[in-house]
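Biologist: Please take a close look at one part of this model. Then set that part in the context of its chain and of the partner chain.

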Amino acid sequence: MEVKKVPIVKSILSANDQVSYTNQKLLDQKGIFSINIMASPGAGKTSFILQTIKILSVNRKIGVIEGDTAPVTIDSDKMTAVGIPSVQINTGGDCHLDAMMIDEALKQLDLAKLDLIIVENVGNLICPAAFKLGTHMNVLIASVPEGDDKPYKYPAMYRGVDVLILNKIDLLPYVTFNQDYFLQGVKMLNPNLKTFLVSCKTGEGISVWTDWLAEHLKAKKK
Amino acid sequence: MHELAVTESILKTSLEYAEKEQAKKVTDIFLVIGKLSSYVDDSIQFYWDYVSKDTICSKSTLHFDRIPARMLCLDCQTEFVLTDDLSPCPKCGSARLKILTGDEFRIDSIQIEK
């Protein structure tokens with residue numbers, strides 16, 4: 001009997017990473033920009049997407065991929081109601097979307113007709129951080145009632161994102177939320193993180209985000 | 001939470017390499033996991049015993065090499081080891097840090113019998 005040590009030196013999630021790479025290549029070929037929205041349950045992901053669509057769908061064609069752990073179509077129904085093509089992914093209890101699921105979902109969208117795809121990840125601050133989807137931008141939504149300590153408790157999530165949205169700022173007068181303490185934690189984990197303060201309920205701050213995103217999309221197209 | 005998906009991925013890669021080597025049995029799996037990767041060793045081991053059952057990886061041992069989180073301060077160039085997730089630079093207090101090591105998450109090697 002021979003005993004042998006076989007070197008591998010491969011990322012544990014390399015299969016996922018590989019598919020995420022082909023997803024991004026496909027999106028690039030079709031000239032589509034894509035965003036992965038992550039947050040805890042109830043932070044306002046769906047409301048934020050609807051607010052974004054309301055402004056940007058005037059001159060951009062948007063599609064949405066909705067991820068949920070249960071076989072429901074609550075979120076995709078909301079997108080369909082405002083005339084946005086959407087695909088609902090049921091992860092079957094899994095706590096995150098992965099690149100293979102996005103690959104499947106992309107096949108169900110008419111990519112030739114889209115400029116922007118927004119992916120709503122499963123509500124969770126831990127698992128989605130580890131699984132690349134192939135999207136171009138990772139956006140994290142935090143919300144005021146969740147508390148100001150979340151960067152300190154979920155560092156991996158805050159470290160890996162490109163944009164931070166602080167939602168429900170209309171509740172600041174009513175709940176204990178130390179914005180300085182929150183932003184100090186953010187700064188330590190992700191020093192140059194682009195941050196927007198919004199309220200999806202009142203609409204405050206939404207146009208600052210959509211203006212920035214529109215500029216970003218324009219720059220990307222060139 | 002997603003340790004099951006991670007464990008399945010470890011099994012898939014291990015089997016792929018073991019088959020390439022025409023191994024009869026895989027006895028050890030060596031993993032390199034940085035301190036900043038939030039994975040629970042016990043949980044991966046628990047799932048491992050379950051998913052590797054009935055494969056040539058059955059009863060193999062997982063070894064975890066935990067890499068400390070080394071940071072570089074971008075303001076004063078001090079290198080230091082992070083003790084908790086949110087420590088600023090111990091020398092100048094800056095929060096502008098770059099991760100040097102600690103986000104590893106890979107299969108380093110496997111030991112097989114043929």
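Modeller: Start with A:Leu197, which sits in strand S8 of chain A, residues 194–197. Helices (H or I, at least four residues) and strands (E, at least two) are DSSP runs, numbered from the N terminus. This is a predicted model: local features need pLDDT of at least 70, side-chain atom pairs count only at pLDDT 80 or more, and totals for chains, interfaces and linings use all residues. Residues are numbered from 1 along each chain as its sequence is written, chains are lettered from A and ligands numbered from 1 in the order in which they are written, and side-chain values use heavy atoms, with hydrogens and water left out.

Buried means under 20% relative accessible area, exposed over 50%, and partly exposed in between (1.4 Å probe, protein chains only).

Now its neighbours. Leaving aside residues up to four places away in sequence, A:Leu197 touches A:Leu166, A:Ile169, A:Gln179, A:Glu204 and A:Gly205. Contact means heavy atoms within 4.5 Å. Take A:Leu166: A:Leu197 is 31 residues from it in sequence, yet their C-alpha atoms are 4.8 Å apart.

Next, chain A as a whole. Among its contacts with a separation of 6 or more, 73% join residues 24 or more positions apart. Eight helices and eight strands make up the secondary structure of chain A. Its radius of gyration is 18 Å, close to the 17 Å that the globule rule gives for 222 residues, so chain A is as compact as a globular protein of that length. That radius is taken over C-alpha atoms, and the rule is 2.2 Å times the number of residues to the power 0.38. The C-alpha atoms fill a box of roughly 70 × 40 × 40 Å along the principal axes. Of the 222 residues in chain A, 51% are buried.

Chain B comes next. It has two helices and six strands. From the N terminus on, the order is α-β-α-β-β-β-β-β. Chain B has a radius of gyration of 18 Å, whereas a compact globule of 114 residues would have one near 13 Å. Its C-alpha trace spans about 55 × 25 × 15 Å along the principal axes. Buried residues account for 48% of the 114 residues in chain B. In chain B, 74% of the contacts with a separation of 6 or more link residues 24 or more positions apart.
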